[in-house]
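Please read the following report with the sequence and the structure side by side.

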Amino acid sequence: MSRNSIVRYGSAARWSDMVVHHHTAYWVEVAARQEAGTLDQARQILEQIDATLVELGSDRERLLTVLVYLADPADLPQLNEAWDAWVPAGHAPVRACVGALLPPPCRVEMVITAAVD
Amino acid sequence: MSRNSIVRYGSAARWSDMVVHHHTAYWVEVAARQEAGTLDQARQILEQIDATLVELGSDRERLLTVLVYLADPADLPQLNEAWDAWVPAGHAPVRACVGALLPPPCRVEMVITAAVD
Amino acid sequence: MSRNSIVRYGSAARWSDMVVHHHTAYWVEVAARQEAGTLDQARQILEQIDATLVELGSDRERLLTVLVYLADPADLPQLNEAWDAWVPAGHAPVRACVGALLPPPCRVEMVITAAVD
């Protein structure tokens, strides 16, 4: 990859699933199955992040930032339950978590950046 | 531009209109004319993004991420109508879209990153 | 620091206080003392940003972006009062500010990026 090239993964008409530029990957995740509650949606998203990291040749320890939107900020304990079981000790990303208006039944959305060699 | 320099465009007292660092441009757009509805505000913002990209020597196909805030997430169809007519096929950025509390009459706000050579 | 290395500051179990990658620092701030109102919380956060910038060997003039979440967007004047007294003339970052649901008594949260040599 040349220094300034852009690599897009899963480029559909409306958005790309992921964009890599200058050793940084950017993407967004919502749960594939949204009939479930916040805990399950958060777990799904974290599994989806793992799958994306494999595709990138990266891993959980190379995450830079995760910005979490919760449909209800009172669901923070459920998010943390999924998160704490998943986040790699000593290599946690920066994390922000705020409540936002998400289209039901979506309960969680995450915006992610990771380092890519 | 040296590797670590920062270039600021439109630096007013409170914020800069755009900042470029390390081959990445960062900026925020709200519609210049906010008396209009969501569809028209979205179209204005996308035109404003085009103008900014020209100033940067970049273009729509070099967008990395667009984070969209909608005053009412029920306006997603209007956003998509403007977006789908504008986004370049095969080169779409990553996109997130959530509802947030925007100061009326603002209906749409976008946070953008693009690659710059 | 090698080009693609990641440096984490304050890595706790749940998150890192700050992550630096590729000459860019990423972090999140909420006020340490949240019993205060929006103006005081905003001032605290800006002081905390200064402290972080010192730790990074950076400074206010090297900020790239600040994304501000307010619990009540009607508090924008208080945010601006703190901000305008703090932001460096001619070197302001890009700034976005939207209302989001923050866990009480948190009134302000900021997501920050800065350039690091």
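In chain A of this predicted model, the axes of helix α1 (residues 38-56) and helix α2 (residues 76-84) come within 8 Å and cross at roughly 35°, where axes are lines fitted to C-alpha atoms, for helices over the stretch in contact, and angles run from 0 to 180 degrees between N-to-C directions. Helices (H or I, at least four residues) and strands (E, at least two) are DSSP runs, numbered from the N terminus. The crossing of α1(A) and α2(A) is right-handed, a term used if the near helix is turned clockwise from the far one by less than a right angle.

| Pair | Axes | Residues in α1 | Residues in α2 |
|---|---|---|---|
| α1(A) and α2(A) | within 8 Å, roughly 35° | T38(A), L39(A), A42(A), R43(A), L46(A) | Q78(A), L79(A), E81(A), A82(A), W83(A) |
| α1(C) and α2(C) | within 8 Å, roughly 35° | T38(C), L39(C), A42(C), R43(C), L46(C) | Q78(C), L79(C), E81(C), A82(C), W83(C) |

Between the chains, 23 residues of chain C are in contact with 25 residues of chain A, contact meaning that C-beta atoms, placed from the backbone, lie within 7 Å. On the side of chain C that touches chain A, β1 (6-11), β2 (16-21), β3 (24-30) and β6 (108-115) each supply at least two residues, and β2(C) gives the most, with four residues.

Residues are numbered from 1 along each chain as its sequence is written, and chains are lettered from A in the order in which they are written. Because the model is predicted, local features need pLDDT of at least 70 and side-chain atom pairs count only at pLDDT 80 or more, whereas totals for chains, interfaces and linings use all residues.

Methods:
Contact = placed C-beta atoms within 7 Å.
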